[in-house]
Amino acid sequence: IIPLASDTLRTLGNSPLVSIIVPSYNQGKFVKETLESILQQDYGHIEVLVIDGASTDGTLDVLHQYDGVPELTWISEADSGQIEAVNKGFAMAKGEICAIQSSDDYYLPGAIQRGVQELLNNPSLGLVFGDTIKVDANGNELMKEILKPFSLINILSRQTCIMQSSCFFRLSLAKKLGGWRDSVPYVADTDLWMRILLNADAKKIDMFMATRRVHEDQRDIHGDRIIRDYTQMIRDIFDIYDAPSHLRPVAEA
């Protein structure tokens, strides 16, 4: 178990710094809405790290609009994909609490404040996550996604899931666990959540915290690759970690 408590938190008064990592590649039509949803939150002690993979659409024009915004830092350079981008963000991030927001999703009002408060209230928590609203490419609501309460059984049996767009976690823990792994590129976020869950508690927040946009250019349309990487993740977790034995049948199923 990795200890979570720290006496050296980056804080402003009682407000810990929150690092929001935004991996980006050719999402110029969506990224402004993503960034505005962060900057307009009612929680101000943030750093926004946009890690762009040398986009060739209008993304850089959008990012230049934020030049001079002190909370926002962006870089644009060729990379090997989303894994490298997120791990660059981890290396740059200075916060106590962290989130990874896709450049085509966006937060709903009050999300950061609520995520921070839940983590501050319970030092045993490694991550928290909330409900989401699925929207289409134009932002039209498709459905409300109300998740079941957290338990490892619920996660492993796919009775509930942790949406990247509505998840907040302790940065120090994510770094100690190695960030995102190249070996499972299509479930890298879920893989990190699972490794956190084997080292800390988690809580599901009963609040709509973010949207999850669906459109034709997304990675998650590749179901066969997702299944491949999810299977590899389960094998790795039970090989690497001393996971409770009663969870193995659920995970394998």
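Keep in mind that the model is predicted, so local features are taken from residues with pLDDT of at least 70, side-chain atom pairs count only at pLDDT 80 or more, and totals for chains, interfaces and linings use all residues. Residues are numbered from 1 along each chain as its sequence is written, and side-chain values use heavy atoms, with hydrogens and water left out.

Let's begin with the rings. A pair of aromatic rings is described by the distance of the centres and the angle of the planes. Rings of Phe, Tyr and Trp (for Trp, its six-membered ring) pair if their centres lie within 6.5 Å; planes under 30 degrees apart are stacked, those over 60 are edge-to-face, and the rest are tilted. By that rule, the structure holds three aromatic pairs. Take Phe-90 and Phe-169: their ring centres are 6.2 Å apart and their planes meet at 80°, so this pair is edge-to-face. Phe-90 sits in helix H3 (residues 82–92) and Phe-169 in strand S9 (residues 167–170), so the pair ties together parts that are 79 residues apart in sequence. Helices here are DSSP runs of H or I with at least four residues, strands are runs of E with at least two, and both are numbered from the N terminus.

Phe-169 has another partner. With Trp-193 it makes a tilted pair, 5.4 Å from centre to centre and with 55° between the planes. Trp-193 belongs to helix H7 (residues 188–197) while Phe-169 is in strand S9, so this pair links parts that are 24 residues apart in sequence. Put together, Phe-90, Phe-169 and Trp-193 form one aromatic cluster. Are Phe-90 and Phe-169 buried or exposed? Both are buried, where buried means under 20% relative accessible area, exposed means over 50%, and partly exposed is in between (1.4 Å probe, protein chains only). Phe-169 comes out at 0%, and Trp-193 is buried too, at 2%.

Phe-90 also turns up in the surroundings of Leu-171, a residue in helix H6 (residues 171–176). Leu-171 is buried, with a relative accessible area of 2%. Beyond residues up to four places away in sequence, Leu-171 touches Phe-90, Ala-93, Lys-94, Gly-95, Glu-96, Ile-97 and Cys-98; contact means heavy atoms within 4.5 Å.

Next, look for empty space. Rolling a probe the size of a water molecule over the atoms shows where empty space is left. On a 1 Å grid over the protein atoms alone, a cavity is a set of points where a 1.4 Å probe fits but cannot get out, while a pocket is an open set with protein on both sides within 12 Å along at least five of seven lines; lining residues have an atom within 4 Å of a point. Grid points are joined across faces, edges and corners, and a volume is the space filled by probe spheres set on the points.

How many cavities of 30 Å³ or more does the structure hold? There is one, and the largest cavity has about 50 Å³ of space. Trp-193 is back again here, among the lining residues, which also include Ile-155, Arg-158 and Leu-197. Helix H7 gives the most to this lining, with four residues. The lining of the largest cavity divides into six nonpolar residues, two polar and one charged. (Ala, Val, Leu, Ile, Met, Phe, Trp, Tyr, Cys and Pro count as nonpolar, Asp, Glu, Lys and Arg as charged, and the others, Gly among them, as polar.)

The second largest pocket has about 250 Å³ of space. Of the 14 residues that line this pocket, Tyr-230, Thr-231, Ile-234, Ala-251 and Glu-252 are the closest to its centre. Helix H8 (223–240) and helix H9 (248–252) are the elements that give two or more residues to the lining, and H8 gives the most, with seven.

Finally, visit two loops. Asn-26, in the loop between strand S3 (18–24) and H1, has a phi near 55°, a positive value in a residue other than glycine. Asn-26 is partly exposed, at 27% relative accessibility. Ala-54, in the loop between strand S4 (46–52) and helix H2 (59–64), also has a positive phi, near 65°. Ala-54 is partly exposed, with a relative accessible area of 29%.
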